[in-house]
Amino acid sequence: MPASQRSLPMPQPLISAKGLIKPATFLLCLLPVALAVYAVSQNRLGANPVESLLQLTGDWGLRFLLVTLAVTPLQFIFKWAWIARLRRMLGLFAFFYAVLHMVIWLVLDHGLRWDLIVQDIIEKKFIAVGVVVVAGLIPLALTSNRFSIRKLGTRWKTLHRIIYPLTLLAVVHYLWQVKANDIYEPLLYLVVLMILLGWRFYRLLKH
Ligand code: HEM
């Protein structure tokens, strides 16, 4: 057979759809903060921009916690093996938005006045709960890498289970600061969390 007719290996695309999932998710996760920066630059955050920024970052911190917890059920129910590769990134984005939320509160809301900051933590229980959540997320973020997984072994899983009570506390933090007639949204988050925890409990009982 002449060389020109011999079958050549199929050319591999330079970028595969599979390889695009992670960078696309990364950009999507940055969208809320990008929109917030744009809104600030356009002076479009309303009468109380600090409050708007606190609400946006708080909402996204909680949403990312819930999305992270939804990865395992989605992987099992829809047989989406690929989604497991996004879990670490989604968890780290929850931490990113939670820390941003806290920094906005410390710097923009309280002007780093530590007397007022400590007073707020002591007097408002929803703030104290928020601080506990951020503090609890720190060891999870620091150990979200291959080295820690290898080093901690089975203890890694035990440590990372604190994400469940921390997410519940994040919902409590939200519930405790809304007025009675605004309870609908935090309750919705609570229902989503209960479904995600209920699915895990059901699987535990089945096995
Ligand atoms: C140092 C820790 C924290 C502090 C000081 C803090 C402070 C606050 C404050 C002052 C508000 C009220 C904003 C307003 O005026 O409407 C708020 C709302 C909120 N926070 Fe936090 N927070 C903390 C941690 C967290 C964490 C870890 C999460 C979740 C990951 C979270 C989620 C929320 C949510 C969902 C809201 C309600 C936003 C809305 O009204 O739409 N917070 N937080």
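Predicted model: local features only at pLDDT ≥ 70, side-chain atom pairs only at ≥ 80, totals over all residues.

1. Overall make-up. The protein has 9 helices and 0 strands. Read from the N terminus, the order of elements is α-α-α-α-α-α-α-α-α.

2. Dimensions. The C-alpha trace spans about 85 × 50 × 35 Å along its principal axes. The radius of gyration is 21 Å, whereas a compact globule of 207 residues would come near 17 Å.

3. α8 against α9. How far apart are the axes of α8 and α9, and at what angle do the helices pack? The axes lie 9 Å apart, and the angle is about 165 degrees. With angles over 145 degrees counted that way, α8 and α9 are therefore roughly antiparallel. Their crossing is left-handed. Helix α9 covers residues 184–206.

4. Residues in that contact. α8 contributes Y164, T167, L168, V171, Y174 and L175. Facing them from α9 are P186, Y189, L190, L193 and L197. By class, the contact of α8 with α9 holds 10 nonpolar residues, 1 polar and no charged.

5. α2 against α9. Here the axes come within 10 Å and cross at roughly 25 degrees. Is the pair roughly parallel or roughly antiparallel? The angle makes α2 roughly parallel to α9. This crossing, too, is left-handed. On the α2 side the contact uses L62, L66, L69, A70 and P73. On the α9 side it uses Y189, V192, L193, L196 and W199. The residues of this contact are 10 nonpolar, no polar and no charged.

6. Y189 and L193 are listed in the contact with α8.

7. α3 against α5. The axes of α3 and α5 come within 10 Å and cross at roughly 140 degrees. α3 and α5 are therefore oblique to each other. α3 passes α5 in a left-handed crossing. From α3, the residues are G91, L92, F95, A98, V99 and M102. They meet V133, V134, L137, L140 and A141 of α5. The class count for the contact of α3 with α5 is 10 nonpolar, 1 polar and no charged.

8. Ligand shell. How many residues surround the ligand? There are 21, and the closest are G58, G61, G130, V133 and A170. Two or more shell residues each come from α2 (49–77), α3 (87–109), α5 (125–142) and α8 (163–175). α2 gives the most, with 8 residues. The shell divides into 12 nonpolar, 7 polar and 2 charged residues.

9. Where the two pictures meet. V133 is one of the closest residues to the ligand. V133 of α5 is also in the contact with α3.

Conventions:
Residues numbered from 1 in each chain as written. Near = placed C-beta within 6 Å. Helix = DSSP H or I, 4+ residues; strand = E, 2+ residues; numbered from the N terminus. Nonpolar A, V, L, I, M, F, W, Y, C, P; charged D, E, K, R; others polar. Axes fitted to C-alpha atoms, helices over the stretch in contact; angles between N-to-C directions. Parallel < 35°, antiparallel > 145°, perpendicular 65-115°, else oblique. Left-handed = near helix turned anticlockwise from the far one by under 90°. Contact = placed C-beta atoms within 7 Å. Rg over C-alpha atoms; globule rule 2.2 N^0.38 Å.
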